[in-house]
Amino acid sequence: MHPFHTIIEPFRIKSVETWKFTTRDERVAALARARHNVFQLAAEDVLIDLLTDSGTGAMSSAQWGALINSDESYAGSRSFYRFEAVVRDLTGFTHIIPTHQGRAAERILFHTILHPGQIVPNNNHFDTTRANIEVEDAEARDLVIAEGRQPSVIHPFKGNIDLAALEALLDRDGDRVPLVMVTVTNNSGGGQPVSLANLRGVRALCDRYKKPFFLDACRFAENAWFIKQREEGQADRTPKAIAREVFGLADGCTMSAKKDGLANIGGFLAMNSDEWAEQCRNLLILTEGFPTYGGLAGYDLEAIARGLEEVVEEPYLRYRIRSTAYLAEKIAAADVPIIQPPGGHAVYIDARSMLPHIPPLQYPGIALLNALYVEAGVRGVEIGTVMFGRQPDGSERPAEMDLVRLAIPRRVYTQSHIDYVAEAVIYVAKMREQLRGYRITSAPKVLRHFTAAFDPL
Ligand SMILES: *Cc1c(COP(=O)(O)O)cnc(C)c1O
């Protein structure tokens, strides 16, 4: 190839957005106004926003161009047919149902098919997935492999589901399992990939026990890139060919186009079952809209269609995964404990082991998050006891891990932004002994992390 090792951004910047700097005092005041919950900050008060990679990416000039060429017809819009063709070419699924985002696809699927007392297995359920299952009085059961629960253990596919545990569940309680899900990549477990071999294993079990297999496909392209890099015999295939094989193993998927759709809004539900699709479309009309727009504008459908084509391009995926690894390497070299190896869309700091003096029920993740914001204006998100610790009976217990996720928006920040973030994390790590825990002063029953209020201890 060529003699250079630097992996540069595979794009040029055509339009820029000027951003505000804040002082430390301003950030202390802003955080107090937000009742110490970074979800409640005004984004303008955040310098580098790593809260999420969801809907925060930069669209390409080709996507912006497609927006102008959209068809805003209520029914049968040309933009829907283009969207449907791209999704079908990629996934092979029969029914393509647009939704305004991923959780709408989840809610429509689960409200349609779930009954109280049923169990939905997954490697790790994402927070909205879990909430949409629990609201139907069903159980969301996490069956990720043991390696996936240990932050420092290196394994190429830490997102794999434990096939033996899945088989045991299907064997013992199969009549309570309406479908099997796998999340690629495994967001709540650290953005970790799932191997083709593992997905084939799930397919075989689903065939044996006659269960439908659905993917939570939000980061299917990043997962395909990891398969290409790490799985035997996959190096010479294109990410798109791998992604197609992965979708081909499943019977349907839920998708947030705000991730690997490279769009700012949107999602879809796709499946092969005619019966389920008909019921889902009926609910879609009730809450999202007519089946050829599903809560989206024609221009959103255009942006997603183009985004799904761009996201499987090799130069994009090489740069994407490399820039996440670059941040991880920098902070790991300074002995900040992170989930190893780094995932695709984010670096996950192990706040529990970084702050051993703060017990899980005093939320070490919140302590680290808030310090990063106050010291450097960097916003991340807690994935830990605040997000997952509340039990359906109202009690609270420590989540499996207390992580702080720094999610990297797609195509938004340059290398110097990322260098600054690394410096900020290392700065806060050096003052770790001064950090204190928090207590919750008010919180709703479901998805409490978005609106909970905290007091420092
Ligand atoms: C973001 C996400 C969802 C939900 O999608 P939204 O578009 O935010 O509603 C579901 N599952 C996973 C794995 C996600 O990352």
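User: How do you know what the numbering and values rest on?

Analyst: Residues are numbered from 1 along each chain as its sequence is written, and side-chain values use heavy atoms, with hydrogens and water left out. Because this is a predicted model, local features need pLDDT of at least 70 and side-chain atom pairs count only at pLDDT 80 or more, while totals for chains, interfaces and linings use all residues.

User: Happy with that. What makes H2 and H11 roughly antiparallel?

Analyst: Helix H2 (residues 61-68) and helix H11 (residues 298-310) pack at an angle of about 150°, with their axes 8 Å apart. Angles run from 0 to 180 degrees between N-to-C directions, and axes are lines fitted to C-alpha atoms, for helices over the stretch in contact. Over 145 degrees counts as roughly antiparallel, under 35 as roughly parallel, 65 to 115 as roughly perpendicular and the rest as oblique. H2 and H11 are therefore roughly antiparallel.

User: Which residues of H2 and H11 make the contact?

Analyst: With contact meaning heavy atoms within 4.5 Å, H2 contributes Ala-62, Gln-63, Ala-66 and Leu-67, and H11 contributes Tyr-299, Glu-302, Ala-303, Arg-306, Gly-307 and Glu-310. By class, there are 5 nonpolar, 2 polar and 3 charged residues. Here Ala, Val, Leu, Ile, Met, Phe, Trp, Tyr, Cys and Pro count as nonpolar, Asp, Glu, Lys and Arg as charged, and the others, Gly among them, as polar.

User: Why is H6 called roughly parallel to H7?

Analyst: The axes of helix H6 (residues 163-173) and helix H7 (residues 196-209) come within 10 Å and cross at roughly 10°. That angle makes H6 roughly parallel to H7. Their contact divides into 6 nonpolar, 2 polar and 3 charged residues.

User: Now the sheet: what makes E2 and E5 its edges?

Analyst: The open sheet has 5 strands in the order E2-E8-E7-E6-E5, with mixed pairing. Strand E2 (95-99) and strand E5 (180-183) each have a single partner strand, so one side of each is left without a neighbour in the sheet. Neighbouring strands are turned by 15° against each other on average, direction ignored.

User: How do you know that E7 and E8 pair?

Analyst: Two strands pair if DSSP finds at least two bridges between them. Strand E7 (residues 252-256) and strand E8 (residues 267-271) have 5 bridges, in the antiparallel sense. Ser-256 stands opposite Gly-267 in E8.

Key:
Helix = DSSP H or I, 4+ residues; strand = E, 2+ residues; numbered from the N terminus.
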